[in-house]
Amino acid sequence: MKSEQSDENMETLLSDVLEIYGYDFTGYSRASLKRRMVRLYELDRFVSFAEYRYKIRTEPSYFKRFLEQVTINVTEMFRDPDFYKTLRTEILPKLGTYPFIRIWIAGCSTGEEAYSVAIFLKELNLLHQSLIYATDINSAVVENAAQAMVPLSKIKQYTENYIAAGGSEHFSDYYAANYSLGKLRDELRSKIIFSTHNLVTDNSFNEFQLILCRNVLIYFDRPLQDKVFELFDNSLEKFGYLALGTKETLDFSTVSKNYERLKSAKIWRKIH
């Protein structure tokens with residue numbers, strides 16, 4: 001794709017994707033999308049944009065690959081340990097006063113965040129009364145997440161994160177080594193419902209006491225962020241908590257007046 005044509009081509013392709021598959025990338029960061037779309041074009045050695053477009057339009061299996069490549073799937077267990085320490089010491093214990101705890105992890109990628117939250121719920125003796133809904137736009141990563149497998153090559157990093165976040169047990173107790181993979185305990189998996197959900201086009205599907213959507217909204221423009229914040233606001237119980245990524249904020253959004261921010265982390269409490 002020649003650079004002078006690639007912007008126009010990208011918009012054409014995104015229109016196709018919306019029309020045929022119902023995925024709306026209108027409010028996504030153009031620079032990030034363009035970089036990933038061009039990378040896939042080059043990786044799969046297309047000779048023309050027309051060929052690339054035709055394959056995406058006519059082959060659902062290739063569109064699935066396209067979706068995998070253009071959506072962001074960077075994650076790790078207990079990523080940003082300071083955040084998890086706050087979650088463990090300040091937020092999750094407060095949720096223990098509810099008879100049943102519902103948590104939504106939006107943009108869950110391959111599930112590391114969901115399993116991290118499940119581990120801390122277990123250590124606080126709250127897992128038995130909890131259900132975690134973990135969703136992502138990308139069906140391939142959701143299928144991967146549901147397998148409850150983590151690469152053993154990442155275990156050292158995950159263990160360090162877990163300890164830094166205030167884990168009280170041995171991280172090795174939570175998985176069984178199986179060749180190059182670690183299989184996470186069934187007890188954790190049984191409390192997580194993985195499913196596809198599109199933050200842009202899908203509606204609220206439950207009421208939650210805690211919503212985590214970390215490092216997803218940085219790829220959305222302001223109007224789209226507002227739309228997603230309204231979705232979260234409609235999905236969060238009064239006095240529930242919303243957790244965002246380090247570069248994200250609820251400030252300046254249309255629903256910000258309904259929230260107060262915790263001093264210690266990018267976590268907001270719904271007060272209205």
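Colleague: Which residues line the largest cavity?

Modeller: This is a predicted model. By the rule used, the count comes to one cavity of 30 Å³ or more. The lining of the largest cavity is made by Thr 110, Gly 111, Glu 112, Tyr 115, Asn 144, Ala 145, Ala 148, Met 149, Val 150 and Leu 184.

Colleague: Which elements give two or more residues to the lining of the largest cavity?

Modeller: The lining residues divide into six nonpolar, three polar and one charged. Those elements that give two or more of them are helix 6 (112-123), helix 7 (139-146) and strand 3 (149-151).

Colleague: How much space lies in the largest cavity?

Modeller: A probe the size of a water molecule, rolled over the atoms, shows where empty space is left. For the largest cavity, that space is about 40 Å³.

Colleague: What is the order of the strands in the open sheet of seven strands?

Modeller: Strand 6 (192-196) and strand 9 (259-261) are the edge strands, each pairing on one side only. The twist averages 20° from one strand to the next. Pairing in the sheet is mixed, and the order is 6-2-1-7-8-10-9.

Colleague: What is the bridge partner of Ile 105 in strand 7?

Modeller: Strand 1 (residues 101-106) and strand 7 (residues 208-213) run parallel and are joined by three bridges. In strand 7, Ile 105 has as its bridge partner Leu 212.

Colleague: What angle does the direction of helix 7 make with that of strand 6?

Modeller: Helix 7 packs on the sheet and touches strand 2 (130-136) as well as strand 6. Its direction and that of strand 6 make an angle of about 165°.

Technical notes:
Residues numbered from 1 in each chain as written. Predicted model: local features only at pLDDT ≥ 70, side-chain atom pairs only at ≥ 80, totals over all residues. Heavy atoms only, no water. 1 Å grid on protein atoms, 1.4 Å probe; cavity = no way out; pocket = protein on both sides within 12 Å on 5 of 7 lines; lining within 4 Å. Points joined across faces, edges and corners; volume = space filled by probe spheres on them. Helix = DSSP H or I, 4+ residues; strand = E, 2+ residues; numbered from the N terminus. Nonpolar A, V, L, I, M, F, W, Y, C, P; charged D, E, K, R; others polar. Pairing = 2+ DSSP bridges. Axes fitted to C-alpha atoms, helices over the stretch in contact; angles between N-to-C directions. Contact = heavy atoms within 4.5 Å.
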